[in-house]
Amino acid sequence: MSSGRVVVVTGGNRGIGRAIAARFVAEGAKVAVTARSGEGPEGTLTVRADVTDAASINIAFSEIERELGPIEVVVANAGITKDTLLLRMSEDDFDSVVATNLGGAFRVVKRASKGMLKARWGRVILISSVVGLYGSAGQINYASSKSGLVGFARSLTRELGSRGITANVVAPGFIETDMTAALAEETQAEYKRSIPAGRFATADEVAGVVTWLASDDAAYISGAVIPVDGGLGMGH
Ligand SMILES: NC(=O)c1ccc[n+]([C@@H]2O[C@H](COP(=O)([O-])OP(=O)(O)OC[C@H]3O[C@@H](n4cnc5c(N)ncnc54)[C@H](OP(=O)(O)O)[C@@H]3O)[C@@H](O)[C@H]2O)c1
């Protein structure tokens, strides 16, 4: 349980981030979400931030610290896709996805780690994807950004592991959100046939794993990649 902990979830206004924020609120945590638009779920503090902009993160995190106290748990969830095949992928398609998904995690974790180091306690949870290790045609930018998070969490574990800080990756498969709703129906059906569980997951099924990683029960887990994919990526 994360009761009383100060938690920040990036991209907490919708999708998986919103479910994660709501679950932490239900556990009694003090929860802030960053959002470019909209609001986090009931019981959260919403602050404006764009994860591609370090200055906006700094302003947002300072506001969270003033309102809720030092940040103890950070969930780097904000992410985008710009899918297309390699030969059609522009420099901007590649750079913007990496800057948001991987660079965004770098900026928010760097800012959050200051307080964690002082407290000698912290939880860093990076939302990756099954395709980071499995690969996916048409997603060279996205898969690169998501596999980069694995090296990130493992390096952070080696840097800060002795200071009571853990860093883990959660790798969702297909989750029912705006991101998957945008896929054609036939594509969705094809994916479901390839998933051993035979279905997509709810965002809440990802949230439960994230809150568990932030709990005392997971204190000795760091540098791990936890799949939440119905068996899709087994061994990857
Ligand atoms: N859905 C899936 O099946 C699936 C599977 C594996 C992994 N994931 C990962 O899970 C995470 C959440 O995905 P989702 O499906 O919930 O996506 P989503 O519904 O599309 O929401 C994405 C969130 O990221 C925020 N965001 C995007 N760019 C941002 C930026 N530059 N600065 C700040 N916030 C930004 C969005 O904010 P705005 O609303 O303001 O745009 C939104 O809150 C992503 O990292 C995604 O890659 C999703």
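S129 counts as buried, with a relative accessibility of 8%, where buried means under 20% relative accessible area, computed with a 1.4 Å probe on protein chains only. The model is predicted, so local features need pLDDT of at least 70 and side-chain atom pairs count only at pLDDT 80 or more, while totals for chains, interfaces and linings use all residues. Residues are numbered from 1 along each chain as its sequence is written, and side-chain values use heavy atoms, with hydrogens and water left out.

S129 is located in the loop that runs between strand 5 and helix 5 (131-134); helices (H or I, at least four residues) and strands (E, at least two) are DSSP runs numbered from the N terminus. Apart from neighbours within four places in sequence, the contacts of S129 are Y142, K146, V170, A171 and P172, a contact being heavy atoms within 4.5 Å.

One of these partners, Y142, belongs to helix 6 (residues 140-160). Y142 is likewise buried, at 8% relative accessibility. When residues up to four places away in sequence are not counted, Y142 touches I80, T81, V97, N101, S129, V131 and M179. Between Y142 and T81 there are 61 residues of separation along the chain, yet their C-alpha atoms are 6.1 Å apart.

Helix 1 (residues 15-26) consists of 12 residues and extends 17 Å from its first C-alpha to its last, close to the expected 16 Å, a value given by 1.5 Å times one less than the number of residues. Its buried residues are I16, G17, A19, I20, A21 and F24. The elements covering them include strand 1 (6-10), strand 2 (30-35), strand 3 (44-48), strand 4 (73-76), strand 5 (122-127) and helix 9 (203-214).

Over the whole chain, the secondary structure amounts to 9 helices and 7 strands. The radius of gyration is 17 Å, close to the 18 Å of the globule rule for 236 residues, so the chain is as compact as a globular protein of that length; the radius is taken over C-alpha atoms, and the rule is 2.2 Å times the number of residues to the power 0.38. The C-alpha trace spans about 45 × 35 × 35 Å along its principal axes. Of the 236 residues, 51% count as buried. Among contacts between residues at least 6 apart in sequence, 68% join residues at least 24 apart.

How values were computed: Buried < 20%, exposed > 50% of the residue type's maximum accessible area, 1.4 Å probe, protein only.
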